[in-house]
Amino acid sequence: MDSAPPRREPSPHWRATTSRLLLGYGVFFVIWGTLLLGSIYWETTRYLAEHTDRDLTHQIDHLRHVDRAHLAAMLDDYIALEDTSYNAWGLFDAQGRWINGDIVRLPPALKIDGGPIRTEARDIIRQQALPNVEQLHLIAAHLDDGNVLALAHTTGVTAHVGSIIKHALWWGLSFTLVPGLIGGLILNVGPRRRIRQIKLATQAIMHGDLHKRLPISKRDDEVDRLATIVNDMLDQIERLMGEVKGVCDNIAHDLRTPLTRLRSQLYRVQQQMGEDDPQQALVERCVEDIDDVLGRFRALLRISELEDRRRREGFVDVDLGETLQHVHELYAPLAEDRRQLLELRAEPGLIVQADPDLLFEAIGNLVANAIKFTPDGGTVTMSATRLAPERARIEVADSGPGIPVEERHAIWQRFYRGEGSRETTGHGLGLSIVAAIAKLHDFELSIDGGEDGTRIGMACAVNPP
Amino acid sequence: MPHVLVIEDDEVTAREIALELAAHGISADRVHNGDEGLRAAHAPHYDAITLDLMLPGMDGLSLVKQLRERGITTPVLMISALGDVDERVRGLRAGGDDYLTKPFAPDEMAARIEVLLRRQQPAQTRLRVGDLELDLITHVARRGGRELSLLPTEYRLLEFLMRYPGQVLTRAMIFESVWGLRFDPGTNLIDVHIARLRRKVDTEAEPSLIRTVRGSGYRLG
């Protein structure tokens, strides 16, 4: 029906500002938390590695000078100093061949009497001695007798600290982000619902219900402030529209009196002229023109009158079939004159709540309009069909040239006349009257059809069968 | 000569009404407020009343109500600046016989008054205008001896025309009386109906009975 140009609908996701803010904040928080804990992790492991290396250097300096007789006992003590799973030792001869201990091989990268290195644990120590160890710090030094002593300390503590920090990061982020996101979604529900309400309200306003206002909650938040501003604007617009309409109505109203006088004077002149006076035709045309103007004013004032009526007291049960039958009787001769076929198809038993005269006027206007715009020999079909148990559609279809899609929304406006209809008579107010009557009755108007004709429909509530 | 009482507070309108009625051979007395109007309306020699609904003193609606309560049946044409449908319904319910919205064409007003004056004829079962005859009981219409076959709408239209022979009937009056409707159907629609009726009533040999009155409407006979 209404064919406003298609508008881009915003994507349904991340519509709300809060969502976007929350997402941005979440990302920032994750990066910041990771950086913070990462630097703590890095500093800690560096400190622990230095500490281990210093210990190893210290211990090997001490042990290399110990008497060989006590060395074995001292080494066992060294192991026992900490958990056995952290420390290991190995004794090699001057050629680097293994003599004793859990360290079974010296990696080539290790400099004897040099500083500690960090290396893979595999192949270097006996698996049974230090299971599940991947990396270790290793140092080696010549003993007084020329043999080589190697000491190892695993990186287990460092790895443990790392995993503690990773866990902390994981839990910390989970505890912050998950409730944050859930909370954000919950917070979003409110604003979204309100946006939906505002959307509904504005749609009603756009469809002509200028009395409607945007809903305002008691919270007085930013949405409410905005809604208040828009409502103030709507007040102003409604007032201005009222003024414009008032001015139009006043012009129509006030001009009627002098025009009526002018008409009656012309009419008197016409009566006094002889039938065969050469001026007769001229005066008659003047009278017709004034009648035309007065007809327009009458129609304008009639629309205003209909628009101002808010009451439905005059509504009674009206049989659609009977009404269509009467409209058909009234307009059939008009169609016949144009050699058009005026068809009537009405289901029986369709009862609608309506003002019978206004309903007749609306359907009559539609039929008159259809007859006017259908070429000679065409067909105009009026019908009433039940769509649902409590809904029916009155339709007037013609085989005329059709109304271009882009003009359809405009035809209900006052004085609108289609591009192709300039040469036909009429003041372009008939359909506005239909629209006003439909609005009064809550009927839903629609226009469709193509080049083979136009179908104008009024959907209305009917009594159930 | 019929007498009409004009109850109208606007001097210009009152004079216009009286002038137009005089042109139709009807004499008019003018009063300018409701109370005077009610008193004057009791005089038995008035055949019809034109009544402005918005009057100083007693308003038009109360006036017509009181008249009817007192058993005075003089036909009343109500004239109002309010075009509202409800206003009209209220006026007719209060006892008015016809309703006209200001501003009105004087000839339209006069035509309506003439119809009101004729309305008090005794009930008839047969209408006759020239050689045209309508039986109101059998619904048979004849011209000369020839029976006319009329559709229901055509019958009602002919009956209305025949009830007021020689009298100008405007398109609005025809639309109101025959179809009971008051919206603006466009001049064309009534003309088409009249043309159809004419084709059935007139033949080439006979003089046309339904005449067009320029700028106004139609007249039978």
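How many residues does the largest nonpolar core have, and which of them have the most contacts inside it?

Analyst: This is a predicted model, in which local features need pLDDT of at least 70 and side-chain atom pairs count only at pLDDT 80 or more, while totals for chains, interfaces and linings use all residues. Residues are numbered from 1 along each chain as its sequence is written, and chains are lettered from A and ligands numbered from 1 in the order in which they are written.

A nonpolar core is a set of buried Ala, Val, Leu, Ile, Met, Phe, Trp, Tyr and Cys residues joined through C-beta atoms within 7 Å. A residue is buried if 20 or more other C-beta atoms lie within 10 Å of its own, exposed if 12 or fewer, and partly exposed in between, with C-beta atoms placed from the backbone.

The largest core has 109 residues, and those with the most contacts inside it are A:Leu320, A:Tyr331, A:Ile363, A:Val367, A:Ile437 and B:Leu51. Helix α7 of chain A (residues 356–373) supplies the largest share of this core, eleven residues. Helices (H or I, at least four residues) and strands (E, at least two) are DSSP runs, numbered from the N terminus. A second, separate core has 19 residues, among them A:Leu56, A:Phe92, A:Ile103 and A:Ile125.

Two residues are in contact if their C-beta atoms, placed from the backbone, lie within 7 Å. Leaving aside neighbours within four places in sequence, the contacts of B:Leu51 include B:Ile7, B:Val64 and B:Ile79.

Next comes the sheet in chain A. Five strands form an open sheet of mixed pairing, in the order β7-β9-β10-β12-β11; two strands pair if DSSP finds at least two bridges between them. In chain A, β7 (341–346) and β11 (444–448) stand at the edges with a single partner strand each, so one side of each is left without a neighbour in the sheet. From one strand to the next, the twist averages 15 degrees.

Within chain A, strands β9 (residues 379–388) and β10 (residues 391–398) pair in the antiparallel sense over eight bridges. A:Ala384 has A:Ile394 of β10(A) as its bridge partner. Helix α7(A) packs on the sheet, where it touches β9, β10 and β12 (455–461) of chain A, and its direction makes about 25 degrees with that of β10(A). Axes are lines fitted to C-alpha atoms, for helices over the stretch in contact, and angles run from 0 to 180 degrees between N-to-C directions.
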